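Have a look at the sequence and the model, then read on.

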Amino acid sequence: NTALAKKYGVAYLYHEAGSIDAAANVISSGELLATTNRYGRGIIAKGASSSADIKSGGADNVFTRIVFNNQVGNEYRYQSFDPKALERTDWYAYTSDEFGTTISSTFYNRYGTEDHLRKSKKTYRGSNELLFRKTLPLDTLKEVRVPSSDVQPLINKLHSMGITHVNGTKIENLIKI
């Protein structure tokens with residue numbers, strides 16, 4: 001819910017792709033895919049904790065993390081999404097890393113939307129999880145943040161793939177340090 005996101009100072013959501021190639025592949029596909037969706041399509045690219053996510057039941061989700069206004073600029077992140085993504089009704093979240101678990105003892109004790117935002121802002125952890133079912137299209141992608149040494153290589157990689165714009169924004173304006 002964007003009204004609640006604004007009330008609690010949500011700056012953006014992010015997803016760490018981990019490399020220029022992974023970021024370029026996400027951008028070229030137009031969406032982030034859950035581990036099970038990637039595997040089902042024959043894409044055997046592993047995420048940060050794919051095996052643990054499969055064991056916990058979280059592998060059917062796209063993992064993002066939430067950043068509040070007072071945390072902006074503390075470190076770079078690969079893909080940053082507008083809080084408008086929270087308008088989806090199929091997400092759930094944890095204040096710390098739970099590998100997206102759907103194990104009932106943890107899943108049923110998670111916070112509701114407003115309580116989650118309030119608690120997360122108050123006791124922020126960089127390991128928080130905000131999970132979207134199956135896929136997260138790039139329609140809410142705000143920017144791609146990379147270290148300065150990766151800016152031009154990522155632009156070059158995307159251009160070589162024929163990608164010059166995302167959501168009407170020039171790649172050169174989308175990629176930030």
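What follows covers confidence and a group of aromatic rings.

This is a predicted model, where local features need pLDDT of at least 70, side-chain atom pairs count only at pLDDT 80 or more, and totals for chains, interfaces and linings use all residues. Residues are numbered from 1 along each chain as its sequence is written, and side-chain values use heavy atoms, with hydrogens and water left out.

**Confidence**
- The chain's average pLDDT (the predictor's confidence in each residue, from 0 to 100) is 84, and 88% of the residues score at least 70.

**Aromatic rings**
- Rings of Phe, Tyr and Trp (its six-membered ring) pair if their centres lie within 6.5 Å, with planes under 30 degrees apart stacked, over 60 edge-to-face and the rest tilted.
- That rule gives two aromatic pairs.
- Tyr 92 and Tyr 94 pair edge-to-face, 5.9 Å centre to centre with 90° between the planes.
- Tyr 92 and Phe 107 have ring centres 5.0 Å apart and planes at 80°, so they're edge-to-face too.
- Tyr 92 sits in strand S5 (residues 91–94) and Phe 107 in helix H5 (residues 104–107), so this pair ties together parts 15 residues apart in sequence.
- Tyr 92, Tyr 94 and Phe 107 make up one aromatic cluster.

**Surroundings**
- Tyr 92 is buried (under 20% relative accessible area; exposed is over 50%, partly exposed in between, with a 1.4 Å probe and protein chains only) at 6%.
- Tyr 94 is buried at 5%, and Phe 107 is buried at 17%.
- Arg 110 lies over the face of Phe 107, 3.7 Å from the ring centre; the rule asks for NZ of Lys or CZ of Arg within 6 Å of the ring centre and within 35 degrees of the ring normal.

Terms used:
Helix = DSSP H or I, 4+ residues; strand = E, 2+ residues; numbered from the N terminus.
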